[in-house]
Amino acid sequence: MNHSLIKKAIAMRKQAHAPYSKYFVGAAVETESGQIIGGCNIESSSYSLTCCAERVALFSSLAQDEFPIKALAVSTENGGSPCGACRQVIWDLCGEIPIYICDKNGLTKETTSSALLPGAFDQNFLK
Ligand code: THU
């Protein structure tokens with residue numbers, strides 16, 4: 001377990017743009033090259049356009065050419081876990097990786113991408 005990854009996810013809550021829900025979420029990914037890249041939730045007044053912290057971190061990592069991703073951490077006020085949409089994107093982009101779920105103070109649960117999305121649909125069905 002990488003403490004810097006968890007610290008970054010917790011710190012990223014400060015960047016959250018969540019004026020509607022006021023549910024501030026931070027996330028961070030660790031890449032194979034050892035980089036740690038953060039993300040936060042960014043909400044829209046047209047609520048469904050909101051992007052979760054996990055996806056912002058994942059997409060930022062790819063946009064910086066930092067790939068593969070080997071771990072992800074997410075931090076919320078109360079230890080909330082990734083939503084269904086993020087579970088799919090984590091599986092598609094990362095495959096099987098450890099996921100660290102944190103509240104505002106630290107780690108509350110360690111899991112994996114396959115445990116969060118059993119029986120996933122993925123690229124293998126598209127061949
Ligand atoms: N949210 C995340 O950023 N990640 C999750 O896994 C769950 C939900 C955000 C979306 C929205 O801005 C707020 O939390 C409330 O749903």
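A: Let's start with a term we need: a polar contact is a pair of N or O atoms within 3.5 Å. Keep in mind, too, that this is a predicted model.

Q: Thanks! With that cut-off in hand, how far from an oxygen atom of the ligand is an N or O atom in the side chain of N41?
A: The distance is 2.9 Å, which is within the 3.5 Å limit. E43 also uses its side chain, with a polar atom 2.5 Å from a ligand oxygen. C83 takes part through its backbone instead: an N or O atom there lies 3.1 Å from an oxygen atom of the ligand.

Q: How much of the ligand's accessible area does the protein cover?
A: On its own the ligand has 370 Å² of accessible area, and the protein covers 78% of that. The space taken by the ligand is the largest pocket.

Q: Which residues are around the ligand, and how do they divide by class?
A: The shell includes S21, Y23, V25, T50 and P82, along with N41, E43 and C83. By class, six residues of the shell are nonpolar, four are polar and two are charged.

Q: Let's move on to rings. What describes a pair of aromatic rings?
A: Two values do: the distance of the centres and the angle of the planes. A search of the whole structure here finds two aromatic pairs. In one of them, Y20 and Y47 are tilted, at 5.6 Å centre to centre with 45° between the planes.

Q: Which parts does that pair tie together?
A: Y20 lies in the loop between α1 and β1 and Y47 in the loop between β2 and α2, so the pair links parts 27 residues apart in sequence.

Q: What should I look for in the backbone?
A: Most residues other than glycine have a negative phi, and most peptide bonds are trans. K22, not a glycine, has a positive phi of about 55°; K22 sits in the loop between α1 and β1. The peptide bond from F67 to P68 is cis, with omega near 0°, and P68 belongs to the loop between α2 and β3.

Technical notes
Residues are numbered from 1 along each chain as its sequence is written. This is a predicted model: local features need pLDDT of at least 70, side-chain atom pairs count only at pLDDT 80 or more; totals for chains, interfaces and linings use all residues. Side-chain values use heavy atoms; hydrogens and water are left out. A residue is near a molecule or strand if one of its heavy atoms lies within 4 Å of it. A polar contact is a pair of N or O atoms within 3.5 Å; within protein, one must be able to donate a hydrogen and the other to accept it, and residues adjacent in sequence count only if both atoms are side-chain atoms. Accessible areas come from the Shrake-Rupley method with a 1.4 Å probe; for residues, only the protein chains shown count as cover. On a 1 Å grid over the protein atoms alone, a cavity is a set of points where a 1.4 Å probe fits but cannot get out, and a pocket is an open set with protein on both sides within 12 Å along at least five of seven lines; lining residues have an atom within 4 Å of a point. A molecule sits in a cavity or pocket if more than half of its atoms lie within 2 Å of its grid points. Ala, Val, Leu, Ile, Met, Phe, Trp, Tyr, Cys and Pro count as nonpolar, Asp, Glu, Lys and Arg as charged, and the others, Gly among them, as polar. Rings of Phe, Tyr and Trp (its six-membered ring) pair if their centres lie within 6.5 Å; planes under 30 degrees apart count as stacked, over 60 as edge-to-face and the rest as tilted. Helices (H or I, at least four residues) and strands (E, at least two) are DSSP runs, numbered from the N terminus.
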